[in-house]
Amino acid sequence: MLAAKQQERLRWRCRRGLLELDLLLARFLTDKIDTLDESQAQLLDRLLTYPDQDLSDWLMARKDCDDASLTPILELIQRRG
């Protein structure tokens, strides 16, 4: 289980400029934040460094992510949908 401070940081970073992305990530965190392990949290943190348009394309399966190491977290978020 992630520390409260780390959970809050991820919640803040999941607030995005695109409404659909903001809603998708907020729902994901509501459902999964208590079950994320440290490696998943690190992947999510790294994923959130990308621009909104890239995140939206990847999460909506309009494009494939070039970074295969992010596939597990992308799939976890997509399964939530």
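**Group meeting: side-chain contacts in the model**

Let's start with the rings. The count of aromatic pairs here comes to one. Tyr50 and Trp58 make up that pair, and the arrangement is edge-to-face. The ring centres are 4.9 Å apart, with 70° between the planes. Those two numbers are the ones to quote, because a pair of aromatic rings is described by the distance of the centres and the angle of the planes. The label follows from the angle: 70° counts as edge-to-face because the cut-off is over 60 degrees. How exposed are the two partners? Tyr50 is partly exposed, at 25% relative accessibility. Trp58 is buried, at 10%.

Before I go on, keep in mind that this is a predicted model.

Next, the core. How many residues does the largest nonpolar core have? It has 24. Phe28, Leu36, Leu44, Leu47, Ile73 and Ile77 have the most contacts inside it. Helices H2 (19-32), H3, H4 and H5 each put in at least two residues. H2 gives the most, with five. As background, nonpolar side chains tend to be buried together in soluble globular proteins.

Take Ile77 as a case. Leaving out residues up to four places away in sequence, Ile77 touches Leu24, Leu25, Phe28, Leu44, Leu47 and Leu59. Phe28, Leu44 and Leu47 are also among the core residues with the most contacts.

Now the charges. The model has six salt bridges. I'll walk through some of them.

Arg46 is the next one. Arg46 bridges to Asp67, with the closest N and O atoms 2.7 Å apart. Arg46 sits in helix H3, while Asp67 is in the loop between helix H4 (52-59) and helix H5 (71-80), so this pair ties together parts 21 residues apart in sequence. Arg46 is partly exposed, at 32%.

Then Asp57 and Lys63. Their closest N and O atoms are 3.6 Å apart. Buried or exposed: which is Asp57? Asp57 is buried, with a relative accessible area of 7%.

One more point on charges. Salt bridges with shared partners join Arg9, Arg13 and Asp45 into one network. So when you look at the Asp45 and Arg13 bridge, look at Arg9 too, because the shared partners put these residues in one network by the salt-bridge rule.

Last, the cysteines. How many disulfides are there? The count is zero. Cys14 is in no disulfide, and the nearest cysteine sulfur, on Cys65, is 16 Å away. That rules the pair out, because a disulfide needs the sulfur atoms within 2.5 Å. Cys65 is likewise in no disulfide, with the sulfur of Cys14 as its nearest, at 16 Å. Both cysteines are buried: Cys14 at 3% relative accessibility, and Cys65 at 18%.

To recap. There is one aromatic pair. The largest nonpolar core has 24 residues. There are six salt bridges and zero disulfides.

Key
Residues numbered from 1 in each chain as written. Predicted model: local features only at pLDDT ≥ 70, side-chain atom pairs only at ≥ 80, totals over all residues. Heavy atoms only, no water. Salt bridge = Lys/Arg side-chain N within 4 Å of Asp/Glu carboxyl O. Helix = DSSP H or I, 4+ residues; strand = E, 2+ residues; numbered from the N terminus. Buried < 20%, exposed > 50% of the residue type's maximum accessible area, 1.4 Å probe, protein only. Core = buried A, V, L, I, M, F, W, Y, C linked by side-chain atoms within 4.5 Å. Contact = heavy atoms within 4.5 Å. Phe/Tyr/Trp six-rings, centres within 6.5 Å; stacked < 30°, edge-to-face > 60°.
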